[in-house]
Amino acid sequence: MGFFTDTTVCIGCKACEVACKEWNHVPDDGLNFTGMSYDNTGGLGADTWRHVAFIEQRKPLAAQAGTAEVVDIGMPSTAKPGDGDGQRSEFRWLMSSDVCKHCTHAACLDVCPTGALFRTEFGTVVVQEDICNGCGYCVPACPYGVIDQRKDDGRVWKCTLCYDRLGDGLEPACAKACPTDSIQFGELAGLRDHAEQRVEQLHAAGITDARLYGDDPDDGVGGTGAFFLLLDRPEVYGLPPDPVVTTRDLPQMWRNVGVAAAGMLAGMAALFLGGRR
């Protein structure tokens, strides 16, 4: 199970952020003015499990046939009816609700020494706060910078994909609250098929920048349980363009350590035996 987030219909209402906080009892994160457009949360963290980004661009929405017949991509426009030459606007907001990716190959699971992180029967990755000892190993292990520690107790917190709701047959709170169905929840196979059809629809409408992110099971993390339809390069949204599981080299590193240790022991044994002669 997982999320497909169609950023083209996100209106930036932040209902997903509020629903996440209310259902999971996530503390407020200050609600300070960040200077980042209308984004008052800034990014994912221990107290922000859903984050809606506002990216302002001096760029037309798309080369479209006219203002009367366009594909609704849910973005505010400064153009008025009849303006321009088929462009809706010379200015746009890219809005995207980000969340933990629930990676297929999750480095956070690999490095957790206590078993606080585990994979659920739904394929998602969840933190058990009563087992977390606050070591923080998982924080740098995450290739997306999702996991974060709370300053008051040091334990890590992140999206659980509303594990308790899934057990009762309910969809996650953020998807339930989304008024435009920008956040869609379901079986990943079906979501991927739907996402590919949506990309084809946008391409046919002249929105050629539309692309999927995180849907490929052959990528560096084995595909993600939360993937996105974007209208620009991943870096524009603060996402790594080529994420890789950060623990991919651990087996080779441990083999090298074993070989080095064996060589050191052999050398010490040779010195010891040589000294007895």
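Predicted model: local features only at pLDDT ≥ 70, side-chain atom pairs only at ≥ 80, totals over all residues.
Which residues lie nearest the centre of the largest pocket? The legends below begin with that site.

View 1. Residues are numbered from 1 along each chain as its sequence is written, and side-chain values use heavy atoms, without hydrogens and water. His51, Asp98, Tyr237, Gly238 and Leu239 lie nearest the centre, within a lining of 17 residues. A pocket is an open set of points on a 1 Å grid over the protein atoms alone, where a 1.4 Å probe fits, with protein on both sides within 12 Å along at least five of seven lines; lining residues have an atom within 4 Å of a point.

**View 2. Lining of the largest pocket.** The volume is about 230 Å³, taken as the space filled by probe spheres set on the points. Strand E2 (51-57) and strand E3 (92-98) are the elements that give two or more residues to this lining; strands are DSSP runs of at least two residues, numbered from the N terminus. E2 supplies the largest share, 3 residues. By class, the lining holds 9 nonpolar, 6 polar and 2 charged residues, with Asp, Glu, Lys and Arg counted as charged and Gly among the polar residues.

**View 3. The second largest pocket.** This pocket contains about 190 Å³ of space. Of its 13 lining residues, Gly45, Ala46, Asp47, Asp148 and Gln149 lie nearest the centre. The lining divides into 2 nonpolar, 5 polar and 6 charged residues.

Conventions
Helix = DSSP H or I, 4+ residues; strand = E, 2+ residues; numbered from the N terminus.
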